[in-house]
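Subject: Structure handover

Hello,

The structure is below, followed by notes on what was found in it. Please read them with the structure open.

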Amino acid sequence: MPMKIGNERFGERVEKGINNSFMRGAVAGAQDNIGARRLNAIEELGNWEEWRSHGEEIRQHVLEHLDYYLEQLSDNVAKRGGNVFFAETAEEANEYIKEVVQSKNAQKVVKSKSMVTEEINLNASLEEVGCQVIETDLGEYILQVDDHDPPSHIVAPALHKNKEQVRDVFTKKLGYKKSADPTELAWHAREMLRQDYLTADVGITGCNFAVAETGSFALVTNEGNADLVTSLPKTQITVMGMERLVPTFEELEVLVSMLTRSAVGQKLPSYVTVLTGPREELDVDGPEDFHLVIVDNGRSKILGTEFQSVLQCIRCAACVNACPVYRHVGGHSYGSIYSGPIGAVLSPLLGGYEDYKELPYASTLCGACSEVCPVKIPLHELLHKHRQVIVEKEGKAPVSEKLLMKAFGLGAASPTLYKWGSKIAPTAMNPFTSEDKITKGPGPLKAWTEVRDFPAPNKERFRDWFKNREKGGGTSWPEPSKTEKHF
Amino acid sequence: MKVTLFATCLVDMFQSDVGKATVELLERLGCEIDFPQTQVCCGQPAYNSGYVKESKDAMKKMIGTFEHAEYIVCPSGSCAYMFHEYQHVFKGDPIWEPKAKKLAAKTYELTQFIIEVLKVENVGACLEGKATYHTSCHMTRLLGVQKAPMTLLSKVKGLEFVELPGKEQCCGFGGTFSVKMAQISEQMVDEKVRHVEETDAEYVIGADAGCLMNIGGRINRQGKPIKVMHIAEILNSR
């Protein structure tokens, strides 16, 4: 799956999302549930704002010294007998991984969950050379079995499917004959996957955090699948986004705790798997051959820009779970494997404005995302920055909007024009007004009045009332008890 | 105490009763109100849409208009926040950044001003009925005013208060978002209205004319018997 999903226009995708009542129910339920658990988990930790500042500090420090830590990481991986490949593009990463896989004559690859491998479309690239690729994270497995349905959430990729839908997929594709009970479904997947772990030639993982000081990798799962992916196959390839590192285990501990609390409201996940290089002489398991692929794919272009803070992201999806827009449109509406607020910021940076120019506007700038981000990425401010770039540098804003805003600039900045405009407003709006409200407005009001009433402009503006009152005239005070009114 | 009122364009043009209630309330609390007639829009609609250059002239105009003020009070959390945002817009500008900082330091949202500056919790308001309160996003998250409206409402005689389910969720206004992303905005405001209905409240109260226009516009369109009120009107009820 490449980063971009589908070829439909933004409006069509949103329409589809809005009409998918099951998905919306599942998303709203998950948001409410995870949101409440997250609050409990951070409350239990105490001093959450201090933790956030610390998390931000760690991530900012790493980004400021990324070259240093990447070098340290590479050296330490090499010292432990691992191979390091730095891929500037998705193609370079895929080519390297393909070469490794082919050099092993590998027929089967098992994978633990990794968004960066989705981003570079690794599975398709391996399948092209005849390799069978099996996702072992339950959510990813379901999607893969369902003809590569794209993920709709960065942590819970199959959030948009219910258990009945999963049963149907398993029945159709895997000959499953049991019920829609999640335990039975999970058992079935587990039985299928167990064979795959045992017969796979190569294990591929993502990377939650790399530890520069030791050349280690941490993988956070609740299913233990990463343990099997990294201990059974003879060859392991770890693919990481180039920014996903911490200096030492001390920072790892801080960030893992913040990650799981923010992602699912857990103190700790069921498994935190930390691996350092290939198997050594006295080790009882682990890969004989280890490869680290560090993926840039547009990240270094974000460094040093006003968008740098987006690279602080630890992929917890707390912003996705708090987003009122995601709540109603679901992940596929974003047209990118990165959905929600983080996706709306990141996708245009990695994939360009042409495909993702609507995403920065799919936000009310309500700030819920920035409020929950454990590493304090000012997500709503970055969405606003995107809008500014789209308007001022990219020139991708609609002409009608540009004219309107130009007029706004003139009108708002000139008290005379403003006063004149607001004074004639009631008359101008008269044809559209009945009983003090506008039910079918012209121009930009059309979209508003399709679903809501718009108030008719006051016949006497507040400023006139105030002026008259200062002169000792004007209308009398409204009777306070009678001020109840509809907006 | 002399208070300079930043009424906001929505109140000036569409919700003058909110402005009137604000004036009366503040006068009752001992303030002398000044309303500079040169005030225009704070620039937020253009600014939030990415038209930063286009909004700067309006911002400068507003900074000039309110330069003389001792306290600036605004019956809208979002617009009051915008005055606080100016200092970031003019960051690095030797003339306008210091001016914008001064503006921010003396700008208060109405309920924030009553609690923090006037130090009044009970404004002597009285209104019989069951009410719920919509916490607007910019006021709560960006301006950081959370408790002031709740404290003031809790002292309104006769008012029974019910918390709004999902109160942290945006109502779907978002300025130009409401027309630019109308289909999404509709879903958001619908959920908000459903939540309001669940409370069985007669009144839904808010401190931002934008959110109230959105929620109220939808409630009116659906013909629901819920009154949508600005907090200034509630606090001015006697």
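In chain A, the charged end of R190(A) lies over the ring of W187(A), 4.9 Å from the ring centre (NZ of Lys or CZ of Arg within 6 Å of the centre and within 35 degrees of the ring normal). Likewise, K180(B) places its charged end over the ring of Y361(A), at 3.9 Å from the centre.

This is a predicted model, in which local features need pLDDT of at least 70 and side-chain atom pairs pLDDT 80 or more, while totals for chains, interfaces and linings use all residues. Residues are numbered from 1 along each chain as written, chains are lettered from A and ligands numbered from 1 in written order, and side-chain values use heavy atoms, without hydrogens and water.

Over all chains there are 22 aromatic pairs (rings of Phe, Tyr and Trp, the last by its six-membered ring, with centres within 6.5 Å; planes under 30 degrees apart are stacked, over 60 edge-to-face, the rest tilted). One of them, F454(A) with F14(B), is edge-to-face, with 5.1 Å between centres and 80 degrees between planes. F454(A) and F14(B) are both buried (under 20% relative accessible area; exposed is over 50%, partly exposed in between; 1.4 Å probe, protein chains only). The rings of F90(B) and W96(B) are 6.1 Å apart at their centres with planes at 35 degrees, so this pair is tilted. Both F90(B) and W96(B) are buried too.

Ring pairs also join W448(A), F454(A), F14(B) and F173(B) in a cluster.

Regards
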